[in-house]
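Reader: I'm new to this. Could you walk me through reading a protein structure?

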Amino acid sequence: LKPPLDHLCELLPRLHARYYSISSSPKEHPERIHITAVVVDYHSKINRRIKGVATNWLATKIPNGPEGPRVPVYVRKSPFRLPFKTTTPVIMIGPGTGFAPFRGFIQERHFAKTEGKPLGDTVLFSGCRKKSEDYIYQEELEGYERDGTLSQLNMAFSRDQAQKVYVQHLLKERAETVWNLLNDGAHLYVCGDARHMAHDVDMVLHDIVEEKGNMSASAAKDFLKGLRNKGRYACDVWS
């Protein structure tokens, strides 16, 4: 059979909208929306080239004049947001592109700081493969740490040493800090890979609560469940 091409095209489903976390604050950038994405382009085990549809298309949209390229977008509401009070401590966990919404969170707190508002502890756990190649927001983040917007900047560079280091390893090292912040009413956010990172982070958080809170495993589980129910433990993850 050789069906006409237009008939085959009619049978293909439409491409769904590709959702990206906004990695900027409307208070610091009222007329722009930033996204943080990785161009997907690699070869599979059978040497087949795999290219991400959305990221490769966006990569060609380079501004070249006052008009510039046009990209159809829309903004949808998200429950993933900072606490109303700027004094509420926050713990943000997001390696790779999972850092995207937290860049907006940090900008939001920086704006509040410039207005003279007091800030609660703002702690970031993030990371990438290699510091020399992938740490594209280094100057920005270190600047926020210097001016006090970020109270702690914890970066894991998984390929910069023989033994891989991920955000969950840094969480273990800062277990006392994490537990104290949770006791002080901190809001906890996790963004990124659902299959591995988010699961491993959740397991480490259980261990921290169990150990530092002198709780049984079931009590630690109930503690974290309580944080979720109160809106203090939010996840934005994908597989």
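This is a predicted model: local features need pLDDT of at least 70, side-chain atom pairs count only at pLDDT 80 or more; totals for chains, interfaces and linings use all residues.

Reader: How do the axes of H7 and H8 cross?

Author: Two packed helices are described by the angle between their axes and the distance between the axes. Here, the axes of H7 (residues 175–183) and H8 (residues 194–212) come within 10 Å and cross at roughly 80 degrees. That makes H7 and H8 roughly perpendicular (65 to 115 degrees). On the H7 side, the contact (heavy atoms within 4.5 Å) includes Trp 179 and Leu 182, and on the H8 side Leu 205 and Ile 208.

Reader: And how many salt bridges are there?

Author: Nine, counting a side-chain nitrogen of Lys or Arg within 4 Å of a carboxyl oxygen of Asp or Glu. One pairs Lys 27 with Glu 108, with the closest N and O atoms 3.4 Å apart. Lys 27 sits in the loop between H1 and E1 and Glu 108 in helix H3 (residues 100–114), so the pair ties together parts 81 residues apart in sequence.

Methods: Residues are numbered from 1 along each chain as its sequence is written. Side-chain values use heavy atoms; hydrogens and water are left out. Axes are lines fitted to C-alpha atoms, for helices over the stretch in contact, and angles run from 0 to 180 degrees between N-to-C directions. Helices (H or I, at least four residues) and strands (E, at least two) are DSSP runs, numbered from the N terminus. Angles under 35 degrees count as roughly parallel, over 145 as roughly antiparallel, 65 to 115 as roughly perpendicular and the rest as oblique.
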